[in-house]
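Thank you for making time this morning.

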Amino acid sequence: MWVRGASLLLALAAVAFQSNSAEIHPHELATLQQQVQRTGWVRVLVTLDRNAWRTRSEEQTLRLQALADRLYAELGDSAFPTGRTNRGFGWIGFFTDSAGIAMLSRTALAEKFSMDSTTRSWGRERAGDGSFEAIDDALIASPTVEVDLVLATDEPPYTLLPDGSTRFDGPSEVNEVLDRLLAEPFAQHIQGIDRSQNPQLAPVVQAKIDRVAFFGLVESVHVRAVRPRGFVRQPSAIWHEDALRVAAREGRAEIHILLRGGVTYTHLPRQSPKARIYQMDANTRALGEILKAAGVGALPVLSEVDAHMGLVHLVITRPQLEKLFAQRDPRILSVDVNKAMAGLSSNN
């Protein structure tokens with residue numbers, strides 16, 4: 001009887017322990033463990049209070065931050081010091097290691113946790129060009145990686161040259177932005193910045209960083225982009241031959257031309273108004289030069305969004321399109337054809 005009672009108490013204790021532990025589906029837990037074995041760190045989304053989003057107040061914000069701080073203290077070194085997010089809705093995101101996953105599965109300070117499905121959109125800067133993933137992979141193989149930091153400067157205006165390079169048309173306030181960046185808590189993990197190597201004050205600075213610096217830089221308001229040293233944004237241009245076939249059949253084709261953009265290019269709206277205008281102006285001038293060289297009389301009026309992206313839609317004649325393809329301007333990332341319009345024209 002005593003043995004049976006003791007077993008019952010142990011079972012009840014196990015149930016009580018599970019009820020006070022953070023929830024996670026066993027399959028997802030196994031996936032987290034597999035990924036962390038490969039990368040060393042994995043990003044998790046932890047729910048502290050699933051009902052917190054219903055009410056927003058200063059008291060609620062302070063309570064959730066205190067709860068997050070307690071959880072970070074419990075995890076210790078298993079909660080990565082940079083790359084943490086807390087939007088005040090009752091959940092937090094951060095990177096953790098295998099020991100942290102084990103602790104999260106036992107903690108009573110969280111209601112549930114999972115792999116962060118927002119990983120690809122986390123951070124202020126995500127160019128969508130593979131540079132983030134390239135640095136992340138490099139830091140798995142090596143503790144440090146050499147990068148180009150594109151600083152969040154207002155200046156200078158710039159020009160996209162015919163060879164695909166970027167010419168900065170004046171100095172920028174790079175030293176002031178660098179001073180603010182290097183005052184960040186994670187900046188001690190940034191090495192190799194040599195201001196004497198940048199006499200023109202271009203907003204692209206070379207550095208060597210580790211993972212702590214990387215995750216800090218991705219969220220820094222002082223940085224527009226972080227790229228591997230010498231990284232070329234999507235180097236393989238896409239020239240859709242269908243455009244030539246449509247033009248050969250119809251005598252013209254409706255196409256879309258998309259530029260690569262310069263080394264400071266970003267598709268994100270997080271730019272100062274002045275920097276945004278400079279990007280629009282550089283793209284617009286480059287598109288005008290490209291079309292003029294192909295024999296197109298005038299650049300169509302661009303919307304603000306298209307100018308910011310470096311995108312133009314136009315109807316082009318067969319000789320103009322053939323000349324455009326023959327020149328293969330390095331500033332172009334892709335040329336595509338509106339097949340739906342071509343099919344409609346053919347039917348008519």
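**The enclosed space and its surroundings**

Let me begin with the largest cavity, which is lined by Thr153, Asp154, Glu155, Pro156, Tyr158, Phe168, Pro203, Arg224, Thr264, Ala275 and Tyr278. By cavity I mean a set of points, on a 1 Å grid over the protein atoms alone, where a 1.4 Å probe fits but cannot get out, and lining residues are those with an atom within 4 Å of a point. The space in this largest cavity is about 70 Å³, and a search of the whole structure finds 1 cavity of 30 Å³ or more; here grid points are joined across faces, edges and corners, and a volume is the space filled by probe spheres set on the points. Its lining divides into 6 nonpolar, 2 polar and 3 charged residues, where Ala, Val, Leu, Ile, Met, Phe, Trp, Tyr, Cys and Pro count as nonpolar, Asp, Glu, Lys and Arg as charged, and the others, Gly among them, as polar.

Before going further, please keep in mind that this is a predicted model, in which local features need pLDDT of at least 70 and side-chain atom pairs count only at pLDDT 80 or more, while totals for chains, interfaces and linings use all residues. Residues are numbered from 1 along each chain as its sequence is written, and side-chain values use heavy atoms, with hydrogens and water left out.

Pro156 sits in the loop between β5 and β6 (158-160). As background, most residues other than glycine have a negative phi, and most peptide bonds are trans.

Of the 348 residues, 43% are buried, meaning under 20% relative accessible area, with exposed meaning over 50% and partly exposed in between (1.4 Å probe, protein chains only).

How many residues of strand β10 (residues 223-228) are buried? The count is 6 of the 6, so β10 is largely enclosed by the rest of the structure. Strand β5 (residues 145-151) runs antiparallel to β10 and is joined to it by 5 bridges, with two strands said to pair if DSSP finds at least two bridges between them. Across this pairing, Leu149 stands opposite Val226 and Val150 opposite Ala225. β5 itself is mostly covered, with 6 of its 7 residues buried, and it also pairs with strand β9 (residues 204-209) in the antiparallel sense over 6 bridges, where Asp148 faces Gln206.

Let me turn to a further sheet, an open one of 4 strands in the order β11-β14-β12-β13, with mixed pairing. Here β11 (238-239) and β13 (311-317) stand at the edges, each with a single partner strand, so one side of each is left without a neighbour in the sheet. Strands β12 (residues 252-259) and β14 (residues 332-337) run antiparallel and are joined by 5 bridges, and Leu258 in this pairing stands opposite Ser334 in β14. Helix α9 (residues 273-293) packs on the sheet, touching β12, β13 and β14, and its direction makes about 140° with that of β12. These angles run from 0 to 180 degrees between N-to-C directions, with axes being lines fitted to C-alpha atoms, for helices over the stretch in contact, and contact means heavy atoms within 4.5 Å. Helix α11 (residues 318-327) lies across β11, β12, β13 and β14, running at about 125° to β13.

Finally, a few loop residues. Leu201, in the loop between β8 (190-191) and β9, has a positive phi of about 55° although it is not a glycine, and at 23% relative accessibility Leu201 counts as partly exposed. Arg328, in the loop between α11 and β14, likewise has a positive phi, of about 45°, without being a glycine, and Arg328 counts as partly exposed at 39% relative accessibility.

Key
Helices (H or I, at least four residues) and strands (E, at least two) are DSSP runs, numbered from the N terminus. On a 1 Å grid over the protein atoms alone, a cavity is a set of points where a 1.4 Å probe fits but cannot get out, and a pocket is an open set with protein on both sides within 12 Å along at least five of seven lines; lining residues have an atom within 4 Å of a point.
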